[in-house]
Amino acid sequence: MMSTEELLEQVKQAAKDAGKIMLGASDIREATTQKEGHSNFVTEYDKKVQEFLYKRLGEILPEAAFMGEEEGEGIFKEEYKTGYLYVIDPIDGTTNFITGYYPAVTSIGLMKDGKPYLGVVYDPFGDNLFWAVKGMGAYHNGKRIHSSKKPLAESVVAIGTTPYYPELFDKSLDLAKEYLKRCMDIRRSGTAAWDLCLVASGIAGLCYELVLCLWDYAAGAVILEEAGGKLTDEKGNELRYDGNSAVIAVSEGVAKEEYLFTK
Ligand code: IPD
Ligand code: CA
C-alpha cells in the first residue's frame with residue numbers, strides 16, 4: 001500500500017479535479033431535478049462529480065468501499081465498520097451551486113474501521129483546500145490550522161437550517177435564536193462541510209445542524225478534530241459515524257463552556 005502522504009496527495013488532487021467539473025458547469029438550472037424531501041435538488045453535475053470520484057478514488061485505494069450521496073441508496077452497511085470506506089458528497093451546498101451563492105464544495109472522507117481517518121474539503125470557487133489525516137494535523141492551502149480559543153460570546157455561529165425537513169424548521173431556528181443571544185452573530189453558509197472547516201480554521205466558534213448525513217460531516221469531522229475542535233450530537237453524546245445524526249461542532253474555546261441548548 002502507498003504511504004499516507006501519497007494517499008493524501010492523490011485524494012487532494014482528486015478533489016481539485018472534481019472542482020474543475022464544478023467550475024466548468026453551465027446551464028445548471030436546466031440540469032437540475034428535485035429529489036425526495038422539501039427543496040432537495042440534484043444537478044447533473046452532482047452525478048458527474050460523483051461518477052468521477054468513484055472511479056478516481058477507487059483507483060487510488062481499490063480495497064475501500066464507497067458511499068456517496070448520489071449513489072442510489074446511500075445507506076451505511078454493517079460491513080463498512082471494518083476496513084476503509086470513502087464517504088463522499090460530490091457537491092455539498094447544491095442549492096448554493098444552483099443559485100451561485102457560493103461556496104459549494106466537494107467533501108471526501110475516508111473512514112478506517114468505522115472512524116474518520118482522512119478528510120479533504122475543496123471549494124473550487126475560492127480555491128480553498130482543507131485537509132487532515134488522523135494524528136497529522138489539519139491544513140488550509142498548506143497552512144496548519146487551529147480552532148479558536150475564544151468563548152461563544154466572542155464567536156460567530158454557523159447555523160444549519162435542516163432545509164429538507166420542514167418538521168424541524170421551528171426547532172432549528174429556535175436553536176439559532178438561543179445562539180444569537182449568546183454569540184456575536186449567526187451566519188448561514190449553506191454547506192455543512194464548509195461550516196466544519198470554518199470552525200476548524202478559527203473563523204466560527206460553533207456550527208450545528210439537527211440532521212446531517214454522514215457524507216456532510218465525515219471529512220469535516222477529522223479536519224475539525226485535528227484542529228483541536230470537538231463534535232457531538234445535540235445532547236452532547238459522542239458522534240456516531242454510521243448514518244444520519246444531529247451535529248454540534250465547536251472550537252477548543254467554546255468546548256470549555258456550556259453550549260448545548262437543545263431540550
Ligand atoms: C446540504 C448542505 C446544507 C445543509 C443540508 C445538507 P447538500 O447538503 O450541507 O448546508 O443544511 O442539511 O444536506 O444537499 O447540498 O449536499
Ligand atoms: Ca450533496
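Colleague: In this predicted model, are H5 and H6 roughly parallel or roughly antiparallel to each other?
Modeller: The axes of helix H5 (residues 192–200) and helix H6 (residues 214–226) come within 8 Å and cross at roughly 5°. Angles under 35 degrees count as roughly parallel. The relation of H5 to H6 is therefore roughly parallel.

Colleague: How many nonpolar residues does the contact of H5 with H6 have?
Modeller: On the side of H5, the contact is made by Ala192, Ala193, Leu196, Cys197, Val199 and Ala200. H6 contributes Asp216, Tyr217, Gly220, Ala221, Ile223 and Leu224. By class, 1 residue of this contact is polar and 1 is charged, while the number of nonpolar residues is 10.

Colleague: Which element supplies the largest share of the lining of the largest cavity?
Modeller: The count of cavities of 30 Å³ or more comes to 1, and the largest cavity has a volume of about 50 Å³. Its lining consists of Ala192, Asp195, Leu196, Cys207, Tyr208, Glu209, Leu212 and Val247, of which 6 are nonpolar, none polar and 2 charged. H5 and strand S12 (206–212) each supply at least two of the lining residues. The largest share, 4 residues, comes from S12.

Colleague: At what distances is the calcium ion (ligand 2) coordinated?
Modeller: Along the chain, the donors of the calcium ion (ligand 2) follow the spacing E-x19-D-x1-I. They are Glu69 (OE), Asp89 (OD), Asp89 (OD) and Ile91 (O), and they coordinate the ion at 2.1 to 2.9 Å.

Colleague: How many residues apart in sequence are the parts tied together by glutamate 69 and aspartate 89?
Modeller: Glutamate 69 lies in the loop between strand S3 (65–68) and strand S4 (84–92), whereas aspartate 89 lies in strand S4. The pair therefore ties together parts whose separation in sequence, in residues, is 20.

Colleague: Which residues that line the largest pocket are the closest to its centre?
Modeller: The largest pocket holds about 840 Å³ of space. Its lining divides into 14 nonpolar, 14 polar and 12 charged residues, and S4, helix H3 (94–99), S12 and H6 each supply at least two residues to it. Of the 40 residues that line the largest pocket, the closest to its centre are Asn40, Glu69, Tyr164, Cys213 and Trp215.

Colleague: What is the omega of the peptide bond from tyrosine 102 to proline 103?
Modeller: Proline 103 has its place in the loop between H3 and strand S5 (105–112). Most peptide bonds are trans. The bond from tyrosine 102 to proline 103 is cis, with omega near 10°.

Colleague: What is the phi of aspartate 27?
Modeller: Aspartate 27 is found in the loop between helix H1 (4–23) and strand S1 (32–34). Most residues other than glycine have a negative phi. Although aspartate 27 is not a glycine, its phi is positive, at about 45°.

Methods: Residues numbered from 1 in each chain as written. Chains lettered and ligands numbered in written order. Predicted model: local features only at pLDDT ≥ 70, side-chain atom pairs only at ≥ 80, totals over all residues. Heavy atoms only, no water. Axes fitted to C-alpha atoms, helices over the stretch in contact; angles between N-to-C directions. Parallel < 35°, antiparallel > 145°, perpendicular 65-115°, else oblique. Contact = heavy atoms within 4.5 Å. Nonpolar A, V, L, I, M, F, W, Y, C, P; charged D, E, K, R; others polar. 1 Å grid on protein atoms, 1.4 Å probe; cavity = no way out; pocket = protein on both sides within 12 Å on 5 of 7 lines; lining within 4 Å. Points joined across faces, edges and corners; volume = space filled by probe spheres on them. Donors = N, O, S within 2.8 Å, 3.2 Å for Na, K, Ca; no water.
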